[in-house]
Amino acid sequence: MATDLTPLWISLKTAGLATVVTFILGIAAAYGMLGDRQPGKSLVEAVFIAPLILPPTVVGFLLLLLFGKNGPLGKILAQFDVTIVFTWYAAVITATVVSFPLMYKTTLGAFEQVDRHLLQVAQTLGASRGEVFRRILLPLSLPGILAGTTLAFARSLGEFGATLMVAGNIPGQTQTIPMAIYFAVEAGAMGEAWLWVGIILVISLAGIMAANIWQRRYEDKIHNPQPQEHRLTVLFQNNGWENSSSHYPKLGEVEPGIQVNIQKQLAQFSLDVTFTTQGETVGLLGASGSGKTMTLRCIAGIETPTQGRIILNGRTLFDSQRNINVPSHERKVGLVLQNYALFPHLTVAQNIAFGLRHLSPQRRSLRVEEQLTLVNLEKMGDRYPHQLSGGQQQRVALARALAPEPNVLLLDEPFSALDTHLRYELEKQLLKILSGYKGFTLFVSHNLEEAYRICQKLLVLSQGKLVATGDKQAIFDRPGSVTIAQLTGCKNYSPIQVIDRHTVRALDWQCTLQTTEPVSSDQTHIGIRAHQIRFLDAGDHHQSPVNTFPGWVVWTSETPHRMTVYLKLGIPPVDTDDYHLQAEVFKEKWQILRHCPQPWSIHLEPDRLMLLTPD
């Protein structure tokens, strides 16, 4: 007697439809739950996951209460002469409910594995939230989504307990393969049971193997792409972009410059930044955790200030009083992060072109070629980010940020991951590129020398507050306070006792000093930079200039070009911790100094001394 194959078709029909529904709902739910978990979200997630941990009979009982003739949904459906219980629709519903948690959790895990910086940079390149999801988040999560889909299908195919309670075991209508196995064993038809077991194993294992093969091929496509002829125009065809008439104001059409006056409450301190600047490169200098990156993120629209205002080229991007908060993708802001945040599934050319969807394919191709030439990567357009060195990735990130011609370029320590030689090479290239850039550039760094080489002006940030703004040399020469002196690299400072308007006693250095500037009542410290300490020729100290003292070398440390010399003034040191000042000298000078008898004549020039206020 031929075996009735209707359980197979019923199983494939119900599992297939349930998988389609679960696929859509699971992705939507995972995307909605992505991000910070609020208490309400935790409760929702508990409901989502419940079918995975509850016994199938409990799930079936709850579905009966919901869809039964006396249940809330059952009564509503009855008004339209629709019955769910003990139909194949019930089998689809139970399969969807029990497989949904697998799809949801796997997809959510895949979404959370995607670097948040990629999504944020995509927004600054003009991509809306929907486009970020479609072009970045979804493609990078595909392997995880496929795994979730496969698990959901396998779970739907094998559902038994809840289906039996809600859909029953009606041959030809609701009898799925698990039902057929159970009742075949109950009837003693072991051969038939083995047949159905074999079929369900083949289907499930085949699905898992197919998913694994696809995942390997997908990863190979990204990590081991086939060589392609370097034709950028081809890369931009059929990529889902549509020509757009969207237009951002050109720099010449509006009042240039940026005004920032924002406050934001952070965990350790309150960020409070106010500055105005125009068409120049400004360095935002400060220690790690001082609020530099948060300031950039607020300007880019990635973070929202608690209150304040941001105006770029006459256009208000944020105003808490007027309830204005322009989305990141509409701000015309270029952003380069420390880790570059290149889209790994897109080629170099496609990365650069990501923010150019408003251009025609021909103009887009031309702009990409221009940017590749600008950063000396003309033949790298068809490569993927993982095929590039760190320096090349940094240049691609810079080209991508500049391609849409942003009104402001935000650079968040772009050289921090590079070695010293490459850093200097890219600094030179960045200076060349910025010389032709008409917008405003904000360069974040904690390295004084780096910021000094690249920027014309400095903003010095400490614990969320701007403690100094202005010309870089002026801040370097006259920092004003102990904090600014420290942040700008001053290693020597001491509390003082005021003797008269031009005379102070440096308490930590144990010496009396003459100052060029008069001492004010609020100045409590004195400082001098290490490279400004002078070593005079041996001679009578009474004939030496003011502020000249005998000094002994306590110990030294060496760099490739300089020596740091730790000095004790007045009397010989007791041990290696007994020193007053750090001086820096070139090695050529050190080769002469080291052979001179001690004590040396240490001169602290009055006009080099910096009078400082307390923090």
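Two strands pair here if DSSP finds at least two bridges between them, and the elements themselves are DSSP runs numbered from the N terminus: helices (H or I) of at least four residues and strands (E) of at least two. We're looking at a predicted model, so to speak of local features takes a pLDDT of at least 70 and side-chain atom pairs count only at pLDDT 80 or more, while totals for chains, interfaces and linings use all residues. Residues are numbered from 1 along each chain as its sequence is written, and side-chain values use heavy atoms, with hydrogens and water left out.

**View 1**
Strand β4 (residues 307-312) pairs with strand β1 (residues 258-265) in the antiparallel sense, over six bridges. On that side, Gln259 has Ile311 of β4 as its bridge partner. β4 also runs antiparallel to strand β5 (residues 315-319), joined to it by four bridges, and here Ile311 is partnered by Thr316 of β5. The hairpin of β4 and β5 has two residues between the strands. Look in that loop for Asn313: its phi is near 50°, a positive value in a residue other than glycine. Is Asn313 buried or exposed? It counts as buried, at 5% relative accessibility (buried is under 20% relative accessible area, exposed is over 50%, partly exposed is in between, with a 1.4 Å probe and protein chains only).

**View 1. An open sheet of five strands.**
Reading across, the order is β14-β13-β12-β15-β21, and the pairing is antiparallel. The edges belong to β14 (511-514) and β21 (610-612); each has a single partner strand, so one side of each is left without a neighbour in the sheet. Direction ignored, neighbouring strands are turned by 40° against each other on average (axes are lines fitted to C-alpha atoms, for helices over the stretch in contact, and angles run from 0 to 180 degrees between N-to-C directions). Strand β13 (residues 503-506) and β14 run antiparallel, with four bridges between them. Within this pair, Val504 finds its bridge partner in Leu513 of β14.

The whole structure holds 14 aromatic pairs (rings of Phe, Tyr and Trp, the last by its six-membered ring, pair if their centres lie within 6.5 Å; planes under 30 degrees apart are stacked, over 60 edge-to-face, and the rest tilted). One of them brings together Tyr31 and Phe133: with ring centres 4.7 Å apart and planes at 55°, the pair is tilted. Tyr31 sits in helix α1 (residues 6-33) and Phe133 in helix α7 (residues 129-158), so the pair ties together parts that are 102 residues apart in sequence. Tyr31 is partly exposed, at a relative accessible area of 22%.

**View 2. The stacked pair of Trp555 and Tyr566.**
These two rings are stacked, with 4.1 Å from centre to centre and 0° between the planes. Trp555 is in strand β17 (residues 548-558) and Tyr566 in strand β18 (residues 562-569), 11 residues apart.

**View 3. Two arginines over phenylalanine rings.**
Arg400 lies over the face of Phe343, 4.7 Å from the ring centre. Arg562 does likewise with Phe586, at 4.5 Å from the ring centre. For a charge to sit over a ring, NZ of Lys or CZ of Arg must be within 6 Å of the ring centre and within 35 degrees of the ring normal.

Buried residues of α6 (residues 116-124) include Leu118, Leu119 and Val121. The buried residues of this helix pack against α7, α12 (292-300), β7 (333-336) and α15 (390-402), where contact means heavy atoms within 4.5 Å. After α6 comes Gly126, with a positive phi near 95°.

A cis peptide bond joins Gln598 and Pro599, with omega about 10°. Pro599 is in the loop between α20 (587-593) and β20 (600-603). Asn547, in the loop between β16 (534-536) and β17, has a phi near 65°, positive in a residue other than glycine. Asn547 is buried, with a relative accessible area of 5%.
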